Amino acid sequence: MATIKEDAHRIIQSSIKRVLPDSAVKRALTGQTFQGEVIVIAIGKAAWNMANAAAEILGERIKEGIVLTKYEHSQGDIKGFSILEAAHPLPDENTIVGTAKIIEAVSNLSPMDTVIFLVSGGGSALFEKPAGNLKLDDFLQITDQLLKCGADIVEINTIRKHLSAVKGGKFATLCAPANVYTIALSDILGDRPDSIASGPTCADFSTSAEAFAIVEKYGLKLTDEMKKELCIETPKEVVNNTMLITGSVKELCLAAAEEAKHLGYNPLILSTFVDCEAKEAGRLLASMGKTIQKDGFPLKPPCVIICGGETIVRITGKGKGGRNQELALSAAASIVGMENIAVCAVGSDGTDGPTDAAGGLVDGHTKEILDQKGISIDAILAENDSNKALALADALVMTGPTGTNVNDLYFLLCK
């Protein structure tokens, strides 16, 4: 009989496979007729997979194609495409160079031409041209503040959109008068169009007033030039874009539930909108495990409680980790000594924070292993060094880049 951790890995692999964007892109493009020239632009962590699917359907109809993705996320050449890589979650010089090449590719098009814009999570960092007189250093400064202060992704993107020359509908204006057909893989809770990769081709619902409220809420430090750009409203109407949203954390959770049922577990999807602190989410899943084992409520073992979303981490230390690793490590402290229980947290893109791990998978023995090595979970969490602790406990989940990105998957297994 498979161990509980082996079952967890099967759930991870099956659910991620189900939300790969290839088939969705092919369905969206099959049978479409595009007049004039066709330019294909793909940005984000799933950009290579999406572009490759488009190339299989459109072939020679593509005049030019560009992929801009995270380092080590491309999988080789695609005929007719330039493959570019840049940094994530903080932009770098290759971000600016890659974005400039994309802007050049969509310049001087006619009203008969079409830009097929393939968008996935990570696009906010990977696709960037600073607005006005802002420089890359300005973006590094404000993005670093936003990632450390505990702001959620919608708040982060609200600031980004107002400081960018390509976000918040501005890229669609650069493509005009050509038509834009956007196919977006959603990594935003609720699938809000203007927040997926900061909505480069969408009318923007956020306002300058909201941006300044976020600045005040988190005490962000802005330069005078940043304040000037925040005062400029983003486009509130975009007429040359058609958008299709495909893939979501809901599909990820449904796929996990289906595989768990196949493995003999009774599944319950608790929420697809988890957006609290990672440590709190870990403690919550652990507490549910205790309730299930003690009272058989809300389900009796064997069962799995499934959640999806995107937690936040407030950076207080200088360690290395990610929100999913922090969630798993936090849960490990609460299930110590318990048998037949495991808590898992993984990013569907296969990378969690600035690490090569997708997340963590812990059980009732994880804390005991760390205790024997003289590692305090509380101290590790205070230093945001979850990657180190989970590595020492052989509790990291390593999938490699998956080619998709639809938020994170969290689940509790009880056998």
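Reader: Which residue of strand 4 does Ile43 stand opposite?

Author: Ile43 has Val119 opposite it in strand 4. This is a predicted model: local features need pLDDT of at least 70, side-chain atom pairs count only at pLDDT 80 or more, and totals for chains, interfaces and linings use all residues. Residues are numbered from 1 along each chain as its sequence is written, and side-chain values use heavy atoms, with hydrogens and water left out.

Reader: How do you know that strand 1 and strand 4 pair?

Author: Two strands pair if DSSP finds at least two bridges between them. Strand 1 (residues 38-43) and strand 4 (residues 114-119) have 6 bridges, in the parallel sense, so they count as paired. A strand here is a DSSP run of E with at least two residues, and a helix is a run of H or I with at least four, both numbered from the N terminus.

Reader: What makes strand 3 and strand 6 edge strands?

Author: They belong to an open sheet of 6 strands in the order 3-2-1-4-5-6, with parallel pairing. Strand 3 (81-86) and strand 6 (241-246) each pair on one side only.

Reader: Why is strand 10 called largely enclosed?

Author: Buried means under 20% relative accessible area (exposed is over 50%, partly exposed in between; 1.4 Å probe, protein chains only). In strand 10 (residues 359-363), 5 of the 5 residues are buried, so the rest of the structure largely encloses this strand. Both faces are covered, with Gly359, Leu361 and Asp363 on one side and Gly360 and Val362 on the other.

Reader: What makes up the lining of the largest pocket, sorted into nonpolar, polar and charged?

Author: There are 14 nonpolar, 18 polar and 15 charged residues. Nonpolar covers Ala, Val, Leu, Ile, Met, Phe, Trp, Tyr, Cys and Pro, charged covers Asp, Glu, Lys and Arg, and the others, Gly among them, are polar. Helix 5 (123-126), helix 6 (136-149), helix 7 (153-163) and helix 13 (323-334) each give at least two residues to this lining.
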